Amino acid sequence: MGELRSAGLSLEPVAGWGRHPVERGAVARPERLLLPPDGRPVLPRGLGRSYGDAAVPAAPGSLVLETVRADRVVAFDHERGTLTCEAGLSLAEILRVFLPRGWFPPVTPGTKFVTVGGCVACDVHGKNHHRDGSFGRFVDRLVLQVADGSVVECGPARERELFLATVGGMGLTGLITEVTLRLQPVESAWMVVESEPVPGLGAMLDGLRDAGKDWPYTVGWFDCLARGAALGRGILIRGRHASRAEAPAGPPPEPRRLAVPLDAPEWLLSPVLMRGFNAAYYWKHAWWKHAWWKHAWWKHGWGSHARRTRGAGRPVPYHGFFYPLDAIDSWNRLYGRRGFLQYQCVVPRAAGAPAVAELLERVVEAGTASFLAVIKDCGPESDAYLSFPLEGTTLALDLPYRGPRTEALVHELNATVIAAGGRVYLAKDAVTRAEDFTRMVPRLAEWRKVRDRWDPEHRFRSAQSVRLLGDAP
Amino acid sequence: MKAAVVGATRGMGRALARLMAERGDSLCLLGRDAAELEAAARDLLTRGARGPVATARLDLAEPAGFAAALDAADRALADFDTLVVTAGDFASQEALERDPARLERLLDVNFTATAVLCQQAAERLAKRGGGTICAFSSVAGDRARRSNYLYGASKAGLSAFLEGLHLAYADRGVRVVCVRPGFVKTAMTAGLPVPPFAGEPDAVARVVLRAVDRGTPVVYAPPMWRWVMLAIRLLPRAVMRRVRF
């Protein structure tokens with residue numbers, strides 16, 4: 001311990017956002033990103049919002065290099081919106097500094113508490129994937145410190161292989177120290193949002209495709225405990241940035257922030273209660289659609305975006321639309337001490353509704369899923385070898401972790417996904433088997449070649465790379 | 001505000017300089033490492049500092065260079081009105097006990113050099129009608145503890161100096177702010193066990209900036225530490241001998 005401390009390291013439990021699994025790591029949070037010269041294994045980590053074991057150390061006590069204190073802006077081009085920053089800068093900070101000047105992240109996941117380095121490593125996607133693709137598409141340049149300690153610049157036209165292996169490469173090709181990305185211009189910090197209840201899966205899939213033709217942001221929330229004819233019923237939400245003329249004067253109010261102070265007890269997630277919650281959420285929207293007084297109440301609070309219906313709503317703050325859960329600190333504690341898995345997969349459009357229905361049926365049958373799940377249609381896949389999205393439908397749902405029972409469900413779901421030609425999202429995975437993963441990712445061998453070239457010893461490793469890629473712990 | 005800042009490249013100084021930049025203050029960064037100063041200056045400029053953000057060399061281990069650094073800040077800012085010193089030295093009690101040269105360096109930087117710098121700056125500000133000196137001491141200077149009295153002594157000396165500076169220059173328009181951070185999660189304290197009431201640099205910076213604006217003579221950050229230290233200061237020495245912290 002003394003040695004760790006004198007080196008500025010602390011031995012602490014490290015987990016993903018799902019809080020399963022947990023491993024102790026020697027955590028460093030330097031202000032200047034630099035690999036230790038001794039060549040020891042290292043796991044780069046950002047704000048820890050990946051759910052599974054992607055940012056969990058490969059072995060007890062191994063080095064975790066958190067990038068969050070390396071968060072300086074290196075340059076910003078006010079004309080083009082090109083931002084160069086250190087890898088630890090968060091989207092929250094980008095929004096705070098640049099949104100008032102009319103710039104917005106080109107792609108954002110469902111939380112703004114992620115680092116730019118993490119966004120690159122996971123090649124994150126957002127509600128605009130059908131139109132804009134994933135994060136890596138907006139990255140012009142990366143600076144990496146690779147395994148032998150040398151510093152390499154790469155981009156779409158320079159060291160392209162390394163670039164394509166790093167985007168979506170889960171931090172396993174090198175330590176990302178600097179990123180140049182293109183922000184998108186927006187006229188306001190407000191969103192025009194419409195939502196509508198849809199009675200079942202077919203309507204949801206059709207609705208997403210239709211909405212995607214005109215709307216930059218689309219997503220569906222569905223009740224993953226509803227059975228039979230109600231299978232896949234949910235709320236379809238579409239949004240766009242409000243123009244200057246549509247937006248209210250001034251910036252949106254700061255979101256109210258709540259916190260979950262304790263781990264929730266497990267009975268809170270009992271199937272009966274969850275089913276009740278989900279049904280209530282759906283019926284509230286279905287009924288709310290016709291309620292004349294709906295705009296008079298809770299105008300800017302959490303979830304308010306979902307109460308707007310076609311064309312009738314006033315613009316809502318961007319944070320309510322993109323980051324509803326960010327309003328609740330440590331919401332992951334709602335799943336109790338044992339944590340949860342988030343399961344996200346994508347199946348190609350060719351597999352169609354039957355594959356999605358089969359997945360939903362399995363989830364419903366298992367009866368262990370909780371809260372609401374997300375469904376979204378994705379656009380064409382990226383050139384990056386391990387990038388997750390592909391043209392088709394993606395589902396994401398939370399599964400409270402209950403040991404082998406939950407893991408078995410994931411393996412069953414994976415079997416359906418493999419049969420449909422789909423794959424799972426590494427930023428959310430904690431239990432997929434190596435052989436299943438290999439079958440999901442046709443370009444894995446190509447990626448391995450590039451990784452081996454830059455990091456033959458597999459210095460960059462994680463619990464996930466041990467599990468899925470056979471790295472030594 | 002036209003502020004010369006020593007220590008803006010790291011930790012609490014970085015957070016404080018960012019707040020000042022975002023509200024459009026003019027800044028001149030003083031420090032040892034030219035590359036780090038440049039990187040910090042670019043960051044602050046992008047965040048809104050009234051540009052350009054100047055940099056100049058100042059090494060707390062070389063008091064002979066202080067006048068030149070303050071001259072540079074004066075030139076860059078057309079006479080600075082605020083000096084902020086967040087830089088300091090830190091080492092564990094063990095390391096300081098083991099290595100007398102290390103101890104000497106820490107005492108020199110935290111007390112001697114900081115006092116010499118602030119004294120010079122105060123005189124400069126007084127001559128042109130006033131200004132603000134803000135220096136970071138520590139709650140460790142409020143009461144000696146066996147587990148960190150060497151670092152604590154350097155900060156106790158600094159706190160006493162800053163109190164005197166306040167009294168001596170109050171009539172000449174110079175306000176003196178003595179910041180006493182409790183445990184703050186920065187790279188400086190990395191690896192140390194985190195006590196209750198530990199603060200984040202951003203929150204500390206907000207408290208400090210308000211104190212600088214108001215000229216509050218002594219500010220604890222996070223504010224809770226005022227009451228923690230009050231209680232600790234009231235403990236009789238016999239009790240301090242028995243409790244091992």
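Chain B has nine helices and seven strands, where helices (H or I, at least four residues) and strands (E, at least two) are DSSP runs numbered from the N terminus. The radius of gyration of chain B, 17 Å, is close to the 18 Å that the globule rule gives for 245 residues, so chain B is as compact as a globular protein of that length. That radius is taken over C-alpha atoms, and the rule is 2.2 Å times the number of residues to the power 0.38.

This is a predicted model, in which local features need pLDDT of at least 70 and side-chain atom pairs count only at pLDDT 80 or more, while totals for chains, interfaces and linings use all residues. Residues are numbered from 1 along each chain as its sequence is written, with chains lettered from A and ligands numbered from 1 in the order in which they are written.

Now to a helix pair in chain A.

| Helix | Residues | Contact residues |
|---|---|---|
| α6(A) | 201-214 | L201(A), G202(A), L205(A) |
| α9(A) | 352-366 | A353(A), V356(A), A357(A), L360(A) |

Contact here means C-beta atoms, placed from the backbone, within 7 Å. The contact residues divide into six nonpolar, one polar and no charged; Ala, Val, Leu, Ile, Met, Phe, Trp, Tyr, Cys and Pro count as nonpolar, Asp, Glu, Lys and Arg as charged, and the others, Gly among them, as polar.

Leaving aside residues up to four places away in sequence, M440(A) touches V417(A), I418(A), R423(A) and V424(A).

Notes:
Contact = placed C-beta atoms within 7 Å. Axes fitted to C-alpha atoms, helices over the stretch in contact; angles between N-to-C directions.
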